[in-house]
Amino acid sequence: MENASTGAEGGAVQARSTMRVTLEVNGREHALDVQARTTLLDALRDRLHLNGTKKGCALGQCGACTVLMDGERVNACLVLAVMAQGRHITTIEGLRGGDGLLHPLQRAFLDHDGFQCGYCTPGQIMSGVGCIEEGHAGSRAEIRQYMSGNICRCGAYVNIVEAIFETAVGTRP
Amino acid sequence: MGAIGKPVARVDGPAKVTGTATYAAEFHPENMAYAALVHGTIPRGWIKSIATDAAESVPGVIAVVTHLNAPRLPWKPVDAAPVDPGEGEQLRPLHSDEILFAGQPIALVIAESQETARAAAALVSFTCVPSDGAGLVFDRARARPPSDGTRESYPAEWERGDAEGAFASAPRRIEGSYLQPRLFHNAMEPHATIAAWDDEGKLTLWDKSQWVDNVRDQITRNFGLAEDEVRVISPFVGGAFGSALRCWPHVTMAAMAARIARRPVRLELTRRELYTAVGYRPYTLQDVKLAADEDGRLRSVIQTAYGLTSAYEDYGEEVLDPVGMLYDTMSARTVYRLVELDTNTPTPMRGPGAVTGVFALEMAIDEMADAMDMDPLEFRLKNYAERDLKKDLPFSSKALRSCYETAALRFGWEKRDPRRRAMHDGNMLVGYGMATAVWPAMQAPASVRIRLFANGTAVVRTAASDMGPGTYTSMTQVAADRLDLPVERVTFELGDSSLPMAPVHGGSMTMASVGNAVAAGCKKLRDDIARLDGAEDGEHPVETLMRLRRDSFEVDGAAEPGAEAGTHSSYAFGAVFAEVRVDPDFGTVRVPRLVGAYDGGVIVNPRTARSQAIGGMVQGIGMALMEAGEWDDRLGRVMNANLAEYLVPVHADVEELEAVFVESEDRIFNPLGVKGIAEIALCGVAPAIANAVWHATGLRIRELPLTPDRLLMAEQAARTS
Ligand code: FES
Ligand code: FES
C-alpha cells in the first residue's frame, strides 16, 4: 500500500502579487506591501517588529494576539492585514498615555503579579482594557466570563481578574 | 538588607506589561528568511518519493530541503544529557527516508516571508510506504521493562519487605486501576528558533530553551563544531513546563536552513506542530493495591505503572518514586513497564513522574481511608512517615504535618460531612477532597559571575533560564541580600550560553542550584574585596572599592550539592484541599475553591512563589477535569492538536485559589535552605479534585479527565448495579 499526500493541511494558495496597505497602529501610519493572506498579527510582528502582540496559536483560540481595532478587541491572527486598512489599531506598545506613564491596567498587572512568563500578558491587558470599556468588568464573575478568550497557561487568572477588577473600579465614572 | 523572603515585584515586570520582553521568535536579525515544515502522514514506514518543484517555483521560495538534499551532519555522539532519554537515538531530522511517527518533519521550505514558506510547504507532495512498527494500540500485553531497568530513578522492580505476602494476609484491602492520558505542556509561546551563521562559521541561536548550555552542546555535536562556535540566547521563555528541556529536532533544522540559505532563518512551530515536534507527558496506566491493619496502619503498597514511550527512544520517569517513601508502610513494591508506540517521544512535563504516580496513589489512599471508615486526612496522618523508608535515611526537613494542618484549617475541612453525596448547595452536589504532594528536592552544580561597581550597583550573570517562575527576581533578591544592596541596584542576567554554566531550569531545582551559586559568589566577592590591600574591617565592599579607587571588582562563584545526599533524603511536600460542585444532571464539575499548603523550604519571594503555586493549581484543574490528548490508534495521531479541542483551563474555570507556605527551611539540603516549589504546586491537585468528586457523588472515576460523559456513565453504572 502506498500513501500519497501533500504537505497541505488545507488548500494551498500560490503566492501572488502583494498589495499595498496603510496600517494605522498606535497613531502612526505604516505603508506596507502585504500578501492577501498576511494576517494583521504577522504584519505587526514580522513586518513592523511590534513584538508585543503575541502569537500563541494563529487560530483564534488563545487570545495572545488581542489588539484593539477601532477600540474593540479582536484577535489579530483572525484579521487580515488588508482588512485593517483605515482602522485604528492599538497594541500594547500604544497603551501608555501621552505622558509616557503606564496605563492603569498595566500598573495593576504589576501590582497583582498578573503573570509569570509574560507571554499571554499583552493580550490579557489589551483584552482587559476592552473588557472594561465594554462595561463587562462589573464583578469578578463577569470578568471571568468576558476574559475567557484569553488563555494563561501559567495560570495567573486570579491575579489577572483582580487587576482588571481594581482598574475597572478605579476608572468607573 | 534582608531581601530574601520579601514579596518583591518582578524585576522583569515592566518589560512584560509593555510588550518589550523579547521571546525567541521576536529577534529580527537583518535579512532574515522564514522556514516552514512539511510533515509525514503515516505513523511508520519510509518516503518513497518527494516532489518539491511546485514549491520551489513559488516566487519568494529560497530552498526546499528534504532528506535527499539536506547536508549530511556529523551527528557526533553525545553523552545523553539528564533531560534526554537514557536509551535510544533521538530523531535526526531530514536525515533519511525513514518515518518513525505521524507528523515527523520530512521537508523544510525556506522563503522570504512566513506566509510564503507555509503556502509553499503545502505544495510539496510525497508518497510514503507504510511498514510494520511498534504499533499504535496501547496494549499492556506488549509492556516490557525499561531497557535500562536497573537505573535508580525508575527501576523495573523495587521492593521493601514482602509486599505481596503482606497484601495477601492483611485484613483490609483495596485495588484499582488508574489512567492518566497523554498531556501536553501547551505553553503559550510556541517553540521557535532563529539561527544565524557568521562569516567565520560561528552559529548564533535565539531559541526557546530551559537550558541554553544543553542546546549549545547538542548543536555543537550535531554540526561538528567547537563549543565556542555556538552561542544560544534565550532571555525570555513564554512558559515551557518541561517542553523546552531538550534540544528538539527543529533547532537542528533551523541551523541547517540558515546554513543553506546563507542568511538568518527563523523556524517557528505552529500550535499543531507542538503536538509532535516536542514531547508530552506520557499516557500511563497504573494498578495500585493497598492493604491495612484493622486499626488503619498501612501494611502494603503495591503500585505498577505502564508508561508510553516511542519506538526510537526509551523515555521513563519516576512515576513510582513516591510509593516507597510517602507513607510509613510496612512493605512496598513497585513495577515499572514501558509500552512502545509509533509516536514521538514523551518528555518531562511539570512534576514528571511524581504527578502521575501521586495521582493514582493518592486516589487509592482515599479509597483505603473510605474502606476503613476513616477521615482521609486522619488516615494519612496515621501513616505519616517520619523517615524515608525507601532510602532508609532521615529527611533533611519535612513539614508535611504542618502543611496538612494549615491547609485543613484554612479550607475548613472540619465542616466536611464524612458521608458521600451528603453535602448539597441547591441542586449541586458538594464534595471536599484532599491529597498529598511530593517532589524530590534536587540541586545541581551552577556557577555565576558577579561584578560589583564602586557606584553601588552589581551585575550577576549566569546561563540560567526564567520560564516564568521569577528567576530574574529571586536571584536579584539573593544577590541584594548577600551584598547588602537595595534590590534596584542589582541586575541579574541569564539566558545566554556564553555566560557561566548553569544547570537545567527544571525539576524545581533552579533556586537550590543557581540561588546557592549566587550566594556563594557574593560571599567570595565580599571575602576577596575584604582581603584587598587597604581594605578595612567591617566596611561595606562598595566603600572599600571607592576608597581604593577601583571602579569595580569581579569574581566567579559556584555551588554544588553537598555531602548531605548520602546522609539525608530531601523532598518538598504539600497538601492540597479541593471543593467541587457537581451538577448531577449534566455531570459537570466546577472547582470553586482550592487551598494548598507547601513545604518548599525557604521561600525567597512569597509573591512570585504564590503565583507559581496557584499556577500549578490551575494546571491541576486542567489535568483533573479537561486535559487529554485524544489518540487515534488507527492513524497514530493526536486528534485534538490545538487549543480549541485540547482544553486547558480558562478564566471561567478558576475561582478561589489559596496557597500558603508553611514555616520551613532546609539548611541541611543547602545553605540557602530552599527546596523548590514548581512541581509540588501541580502534584496532588488532580487527585484532590478527583477525591472531592467521589465525596460529592459517591462515584470513583479512576480515569482522567473527569469529563461529564465519564461522570454520567459512572452514575448510570452505579444506578444499574
Ligand atoms: S494567536 Fe490569535 S488567538 Fe491565538
Ligand atoms: S503568564 Fe505565562 S501564559 Fe500567562
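The predictor assigns the complex an ipTM of 0.97 and a pTM of 0.97. In chain B the average pLDDT is 96, and 100% of the residues score at least 70. Chain A averages 92, with 90% of the residues at a score of at least 70. One stretch to treat with care is residues 8–15 of chain A, where pLDDT stays under 50. For this stretch the model has 14 contacts beyond four places in sequence. Where pLDDT is low, the predicted coordinates should not be read in detail.

Next comes the interface. Chain A brings 63 residues to the contact, and chain B brings 75 residues. Between the two chains an area of about 5,600 Å² is buried, and carbon and sulfur atoms give 55% of that area. Of the area that chain A buries against chain B, 16% is supplied by A:Gln116, A:Arg153 and A:Tyr157, more than by any other three residues.

Polar links also cross between the chains. There are 33 residue pairs in polar contact between chain A and chain B, both residues being at pLDDT 80 or more. On the side of chain A that touches chain B, the elements giving two or more residues are β1 (3–6), α1 (40–47), α2 (104–111), α3 (121–134), α4 (140–146) and α5 (157–171). Helix α5(A) provides the largest share of that side, five residues. The count of salt bridges between the chains is six. A salt bridge joins B:Glu26 to A:Lys54, with the closest N and O atoms 2.9 Å apart.

A:Asp46 lies in helix α1 of chain A. Its relative accessible area is 9%, and because buried means under 20%, A:Asp46 counts as buried. Leaving aside residues up to four places away in sequence, A:Asp46 touches B:His28, B:Tyr34, B:Gln114 and B:Arg266. With B:Arg266 there is also a polar contact of 2.9 Å between the side chains.

The last stop is helix α8 of chain B, residues 354–371. At 1.5 Å a residue, its 18 residues should span 26 Å, and the end C-alpha atoms are 25 Å apart, which agrees. Of the 18 residues of α8(B), 16 are buried, so this helix is largely enclosed by the rest of the structure. Just after α8(B), B:Asp373 takes a positive phi of about 60°.

Definitions and conventions:
Residues are numbered from 1 along each chain as its sequence is written. Chains are lettered from A and ligands numbered from 1 in the order in which they are written. Side-chain values use heavy atoms; hydrogens and water are left out. Helices (H or I, at least four residues) and strands (E, at least two) are DSSP runs, numbered from the N terminus. The expected span of a helix is 1.5 Å times one less than its number of residues. Buried means under 20% relative accessible area, exposed over 50%, partly exposed in between (1.4 Å probe, protein chains only). pLDDT is the predictor's confidence in each residue, from 0 to 100. Contact means heavy atoms within 4.5 Å. Buried area is the accessible area (1.4 Å probe) that two parts lose on being put together, summed over both. A salt bridge is a side-chain nitrogen of Lys or Arg within 4 Å of a carboxyl oxygen of Asp or Glu. A polar contact is a pair of N or O atoms within 3.5 Å; within protein, one must be able to donate a hydrogen and the other to accept it, and residues adjacent in sequence count only if both atoms are side-chain atoms.
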